[in-house]
Amino acid sequence: MKFGGVCIETGDAPRLAGFYKILLQEEPFAEGSHYGFGNIAIYDPGNVKLATHKNIWLSFSDADIDALYGRLLREIPGIDIISPPEKRPWEAYSFWCADPDGNKITVVQE
């Protein structure tokens, strides 16, 4: 078995796709209410009840998370920062934030 990707359901796909476009610095593939960023899909399922409790973390890595963190603060006004860049007890240097729907994101220094 191979991992295929993650699909994030949302009631506002264009807004959420805009956030990930800035985060990933990538133009999404867009078709109707579907937006794709490689292995991440964003989808508005229409009249389907969406989960209100967000219990997953998306994990990314970057060579310079301090620069990335600064860019996100400049380009996404009001970004929900859970924890700024810091060395964690398990030795990882990372920051944590949430997307506009409350899905949690961690970015770890490579």
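I began with E91, which counts as exposed at 55% relative accessibility (exposed is over 50% relative accessible area, buried under 20%, partly exposed in between, with a 1.4 Å probe and protein chains only). E91 sits in the loop between β6 (80–87) and β7, and its phi is near 80°, a positive value in a residue other than glycine.

A note on the source: this is a predicted model, where local features need pLDDT of at least 70, side-chain atom pairs count only at pLDDT 80 or more, and totals for chains, interfaces and linings use all residues. Residues are numbered from 1 along each chain as its sequence is written, and side-chain values use heavy atoms, with hydrogens and water left out.

Next I checked Q25, in the loop between α1 and β2 (29–31). Its phi is near 50°, again positive in a non-glycine residue, and Q25 is exposed, at 60% relative accessible area. My elements are DSSP runs numbered from the N terminus: helices are H or I of at least four residues, strands E of at least two.

Then I turned to β8 (residues 104–109), which runs parallel to β5 (residues 57–62) through six bridges. Five bridges join β7 (residues 93–98) to β8, antiparallel. I count strands as paired if DSSP finds at least two bridges between them. I105 in β8 has L58 opposite and also C97 opposite.

Last, I looked up L72: leaving aside neighbours within four places in sequence, L72 is in contact (heavy atoms within 4.5 Å) with I22, L23, I79 and F95.
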